[in-house]
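Work through the exercises below with the sequence and the model open. Each task is followed by a stepwise solution.

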Amino acid sequence: MNRDQQFSVAYMKCAISIAELSRCERAKVGAIIVKDGNIISMGYNGTPKGFDNSCELEVEDEHGQLVLQTKSEVLHAEANAITKAAKSTYSTDGADLFCTHSCCFQCSKLIVQAGIKRFFYSNQYRDTSGLELLRKAGIEVIQVEIED
């Protein structure tokens, strides 16, 4: 493993650790933004400030079974990391974003607008439209394999 791969794995492990802070039950997702070798922001999926910090609610499915559904107000890890950076003195222009999961389409638009140059992820989400948009925008997309 070369030095760049070592750093990618180390940063992804940081994102995995940040994901553990999430109160979401269905999926804990973490993200960090790295620029010039420094972590400048981090985020995990959760509700906005001032909201009840439970991410799901129980609803009945078509068979009458109770299932967990993510609340509409939940912010994704990438969005939380980008908005946290926006409130700081750090610029995300030219930065890398490491996320435990591939991004959704909505987050991919934020990533493009934030000037992120590379997007690293570990787990593939079933909807790949977010990754497709990143590639279309010229953002390098890299999957990082993490061994257990």
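The model is predicted: local features need pLDDT of at least 70, side-chain atom pairs count only at pLDDT 80 or more, and totals for chains, interfaces and linings use all residues. Residues are numbered from 1 along each chain as its sequence is written, and side-chain values use heavy atoms, with hydrogens and water left out.

**Exercise 1.** Determine how helix α2 and helix α3 pack and which residues make the contact.

Step 1. Helix α2 covers residues 77–86 and helix α3 residues 105–113; helices are DSSP runs of H or I with at least four residues, numbered from the N terminus.

Step 2. The two pack at an angle of about 25°, with axes 9 Å apart. Axes are lines fitted to C-alpha atoms over the stretch in contact, and angles run from 0 to 180 degrees between N-to-C directions.

Step 3. α2 and α3 are therefore roughly parallel (angles under 35 degrees).

Step 4. On α2 the contact is made by E78, A79 and I82, and on α3 by C107, L110 and I111 (heavy atoms within 4.5 Å).

**Exercise 2.** Locate D36, then decide whether D36 is buried or exposed.

Step 1. D36 lies in the loop between β1 (30–35) and β2 (38–44); strands are DSSP runs of E with at least two residues.

Step 2. D36 is not a glycine, yet has a positive phi of about 50°.

Step 3. Relative accessibility is 73%, so D36 counts as exposed (over 50% relative accessible area, 1.4 Å probe, protein chains only; buried is under 20%).

Methods: Parallel < 35°, antiparallel > 145°, perpendicular 65-115°, else oblique.
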